[in-house]
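The sequence and structure come first.

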Amino acid sequence: MAGEATDRVQTLVVDDQEAFRDVMRDLVSVTPGFELAGEAASGEAALALVGELDPQLVLMDVRMPGIGGIEATRVLVAGHPDLPIVLVSVEDLNGLPGVIGQCGAAAFVRKQDLRPQRLRELWEEAQQQLSYSVSTRS
Amino acid sequence: MRDETQGAPDSPETGGTTAAMRLRGSYRLIAISTAGALLSAGAFALTLAQATQEDRPTVAIMHALLIAVPIAAGVYAWRREPGNRFAAILIASGFFWAPTALAVANNSELYSVGRIWGWLTEVSLVFLVLAFPSGHLTTRVERGLVVAGCAVVALLYLPTVFVVDQFPEPNPLSACAHHCPQNAFQIGNSTPGFVDSVVIPAGGITAVLIFLGAAAVLASRITASTGLMRRGLVPVLAFAIVRMVAAGAFITMRRFDRWSTATEVVGYVATFAIPLLVLGFLLGLFRWRLSVGHALRRLSKQFAGPLTAARLRDLLATALDDPSVEIAYWSERPGHWVDGAGEPVVLPRDDSRRAVTQLTTAGRPVAAIVHNPTHVSEAAVREIVGTFAMMALQNQRLDAELRASLAELHESRSRIVAAVDRERIRIERDLHDGAQQRLVALRVGLELTAHQVGADPDAAAAKLRKLAANVEDALDEVRSLARGVYPPLLVDHGLADALRAAALQSSLSTQVKAAGLGRYSPEIESVVYFCCLEALQNAEKHSGASRVTITLREHEQLEFEVRDDGRGFSPEPGTGAGMANMRDRLGSVGGSMKLYTGEGKGTRVVGRVPVAADRLGPDVELLLQRATDALEDCFGIYRAVRDSSGEVVDFVVEHVNDAACRDTGRSRDMQLGRTLGDMRAGYYTSDLFYWHRDLLDATGPSRLEHVAYETTAEGRRVRKGYDIRGTALGAGRIAIVWRDITDRKRAEQELLLHSAILAAAAEGVFLVRASDATIVYANPRLEEIFGYEPGELDGFGAADLHWEETAGEGIHRVRQMLATVDELGEAVLRIHGRRKDGTPIWCEAHLSSFDHADHGRVLVAICQDRSDALSRATEIAETAEPFG
């Protein structure tokens, strides 16, 4: 993989809210072994950036103007089956549409639960099981 | 003049005027008749004195009839039906035709005038035939024929006056045979050849064609019509065809064989056919009136019971003999025509296939009857509908109007709901994108900082300060959102302060002028606040204005005005969702809004909200009150009062609208909280109480016609009649809507009785209650026939009047008669009766039946004393035979 050129996980953050992108930038930078590959403010921008930046992990907001996070994930997974995409949202799973389980995302996590520890766990889980499904929805 | 609408026939004022008019009218008729008689006699004398021919008495009679018959027929028809346009035209025709008598003069000038007048008479005949019976030419073809007749006289006949030396001879109206005077108006002394060979034949041919055309129009009208119209048209057509064919034949024959006996005879036929045709008109008018009378009777019988729009239409269609009848009702508030369901409809244009008769009362439109003009004329519609159905139509009109405004209310409510939903979505989006995101970022940021504290305290402190600023932003956002949902200033300090604060936020220089404002219900304050804000935002976004002034004042209503000095615009119908939103919001509190703008004129939004009745009570009562006060019907909400065993014993008034206060004569304060039993005597034992009680458990709406009677010197009569509808609201409450139908009930009763009785006032009439064969009414004539004192017969058994008096015979007889009437509609029976003094009497009785408001099913018998004719008849059995 291209990402293995450096030893840090190249992470792409996708969110339409600048305040949240700010905090994600901080999160990635303080988490050992992770590095910010880039930021996108919409699903469409993320599709373009993935080809350009070739990240190893994508943190994707669910609800954004335009195609939104779920549709963007579906397209990305089709083109990059090995790229783990973690969907993030302020809602918990019960407040999100059911199709979220079928879009091919590696994991789902609430925004407020994101911290360095959780980020590392997500990455490790994704490594163990690239086709991790979010069917763990309760 | 006949009042075509239902005025107030019993008001002394109108009654007096009508009587005076009738008196004046009858003097006028006498004058007209006298003048007509003199004129007719004059024409007769003139003919005898002047004519040279042997058969001058025939000609004299003809002239006399030509004047006398139309005038007499017109006067007679007018007396039968004052205001009949056709009767007036007939009278005018008699006078108009009089100068044709001059054609008998020996003086050439007078003779010439008489001959020329004869042509005009022909045109007027064509007009008469086509204008029957309404007095109007209705179709284009009819107008065309009359115009063509005028044109033929003007172009082909009148010009010949200046060139011919003689008028065409012979002429049945002049009776001068071979010795007629010269044409007095000839200029020069030779007749150009083409006049004789072209112009005169052309005139003759076109005249014949027009005659035939008129006859054809009439014939086609008869084939197209049924029922009412046909009965009147047939006699006219018969004589018109005779006249038109004879006149055409005469003109033709005169051309080829002028002195033959046949020509002479046909000429007389053509001329005598004119007074006959006039008699045909008269006959037609009577037959037509007779049919209208039948229709009225048919209608009156079916008029009992509650009417729906559909049933009313069916009744009118039957009565008017026109299955295509449609009814449109006038709705005041939207100001357009609606159907029975309240849906807007467009009236068809008057043409030969559909005619529209609009009915008004007190100058206001009530309904429009769309009908087939060949089946039934406008006059018949007015006659029939105006007499019987006006009240019902008026009721239906109110019904339809209510439906229309309900539909409008429903739409506006849907728009409000949609607007509220949009607003909720916007708020959710704002919360999600704003405060929620900031809080989440804060949550994560705090966590990260916690990690940093040990390693790099300075960086952690800087991060914390940054997070504090984030908290400030989140607070701002929540505050502004809350202000958008419901500005705290509006809650705490009212409209003026809230709008001043909003003005400070505006990008335009905005001034708020608000003096003397009070506090209003939250609904009103919120509606006015958001309407002003919406108008202000519109000014910011679209107007290019530099200044905005918001003015608020209370003057009976709460008024606001938002004015900008921007470029204005041309408002188009349905301008913007924002405007509709403002209107709906204002409408929800009974307010309204107007927009004044135009290119380059700035924009002014002016709104008004009624507030007077607004500070009375809790919100629900307020909304309910405003909604129900708009109703024309009475409305109330009652709560059941139960005793310790749970039995409903009374109802307490929780709500009444304005109409209910007016109807009961008690103010709202006098009613709220009191029980119906407390306020209405006899309520506990009335059917109304039981109905109310049953309503509590009813699954759907119910309806009751409640009629209270009072006893007066004349007998029992309807004191009050109500059409009541109700429904259960749950929780022991019922909602009642009622409408005063006293007038309708009284009118129904009266009409039903009158139609049965008044027509036969000269004959003995009695009403027998079907259930127990008791006489419930006998008119003076009947009492006289049977030898009883006035009023003595009331309460007698019908059997008491019967000759074969055995136990149970009366009821049996009445049932038998009812069965006969049921089967045949009406019946004529010969009844062998017994006078008070025990002597036998033979009666011929017309029987019919109807549902009486007091007595239920009632048999009406109209009796004639036929003892002289029938007593010698040996048959005793009463034989039934179909009526008419």
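## Chain B overall

How many helices and strands does the secondary structure of chain B come to? Chain B has 24 helices and 20 strands, taken as DSSP runs numbered from the N terminus (helices H or I, at least four residues; strands E, at least two). This is a predicted model, where local features need pLDDT of at least 70 and side-chain atom pairs count only at pLDDT 80 or more, while totals for chains, interfaces and linings use all residues. Residues are numbered from 1 along each chain as its sequence is written, chains are lettered from A and ligands numbered from 1 in the order in which they are written, and side-chain values use heavy atoms, without hydrogens and water.

Of the 884 residues in chain B, 44% are buried (under 20% relative accessible area, 1.4 Å probe, protein chains only). Among contacts (heavy atoms within 4.5 Å) between residues at least 6 apart in sequence, 62% join residues at least 24 apart.

## B:Asp723

B:Asp723 lies in strand β13 of chain B, residues 715-730. B:Asp723 counts as buried because its relative accessibility is 5%.

The side chain of B:Asp723 makes polar contacts with those of B:Arg703 at 2.7 Å and B:Arg725 at 3.2 Å. A polar contact is a pair of N or O atoms within 3.5 Å; within protein, one must be able to donate a hydrogen and the other to accept it, and residues adjacent in sequence count only if both atoms are side-chain atoms.

## B:Leu209

B:Leu209 is in helix α6 of chain B. B:Leu209 is exposed (over 50%), with a relative accessible area of 53%.
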